[in-house]
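Subject: Structure handover, chain B

Hello,

Here is the structure you were going to look at. Please read the notes below it with the coordinates open.

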Amino acid sequence: GESVGLHLPTLSVQEGDNSIINCAYSNSASDYFIWYKQESGKGPQFIIDIRSNMDKRQGQRVTVLLNKTVKHLSLQIAATQPGDSAVYFCAENVPGTYKYIFGTGTRLKVLA
Amino acid sequence: DAGVIQSPRHEVTEMGQEVTLRCKPISGHNSLFWYRQTMMRGLELLIYFNNNVPIDDSGMPEDRFSAKMPNASFSTLKIQPSEPRDSAVYFCASSLTWGVHEQYFGPGTRLTVT
């Protein structure tokens, strides 16, 4: 798993702009990835997932891109809204299990 | 559906005391997960169950931690004795079945050990 520092990286985005949140994962054999959103005082909430045999998956206003060559995930949020303000985590599956290793998280701040 | 229910939402206790955290998964969900979240270590999986049976407890920090799932609708995470370094937010999550990856998290229990 990844170690976590005291401070989360923060992305500040103007309302209406697109957001891109990045994540590096550790295991090249991981076959399933999930993005979660965590609002203050709440538990993580599932946003979108992607299997390792895909490069891209789209949901409502969100797109996840997977680059297996460099072990990189990104979450794109279109037309960012104030309600998108939260901490976003990527999670990678431990192959052969239903265990997930969560990334450090990125705080998204939406500026009015 | 009420979602995953956890109690208490906040717990403050003194070092050495026993702490019991409770979780009710979403009805019909067969898999249950306990996580701990701290600023230093992020979100860590402690243990998970499938059909009430513990599958992997390798994330449990030490023998002071124990978890049970006596039936499909209830699980406990117990810390005895508690220590200040156990202070964290503890989340319970459930998923529909063994083959489904999406997990639904509860609101968490914020534990403070003084």
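This is a predicted model: local features need pLDDT of at least 70, side-chain atom pairs count only at pLDDT 80 or more; totals for chains, interfaces and linings use all residues.

Residues are numbered from 1 along each chain as its sequence is written, chains are lettered from A and ligands numbered from 1 in the order in which they are written, and side-chain values use heavy atoms, with hydrogens and water left out.

Fold

Chain B contains 11 strands and zero helices (DSSP runs numbered from the N terminus: E of at least two residues for strands, H or I of at least four for helices). Its radius of gyration is 13 Å, which agrees with the value near 13 Å for a compact globule of 114 residues (taken over C-alpha atoms; the rule is 2.2 Å times the number of residues to the power 0.38). The C-alpha trace spans about 40 × 25 × 25 Å along its principal axes.

Of the 114 residues in chain B, 47% are buried (under 20% relative accessible area; exposed is over 50%, partly exposed in between; 1.4 Å probe, protein chains only). Among contacts in chain B with a separation of 6 or more, 55% join residues 24 or more positions apart (contact: heavy atoms within 4.5 Å).

Salt bridges

Over all chains, the structure holds 13 salt bridges (a side-chain nitrogen of Lys or Arg within 4 Å of a carboxyl oxygen of Asp or Glu). One network of them links B:E62, B:R64, B:E83, B:R85 and B:D86.

B:E62 is partly exposed, at 27%.

A further salt bridge joins the side chains of B:E44 and B:R41 at 2.7 Å, N to O. Here B:E44 counts as buried because its relative accessibility is 17%, whereas B:R41, at 52%, counts as exposed.

Regards
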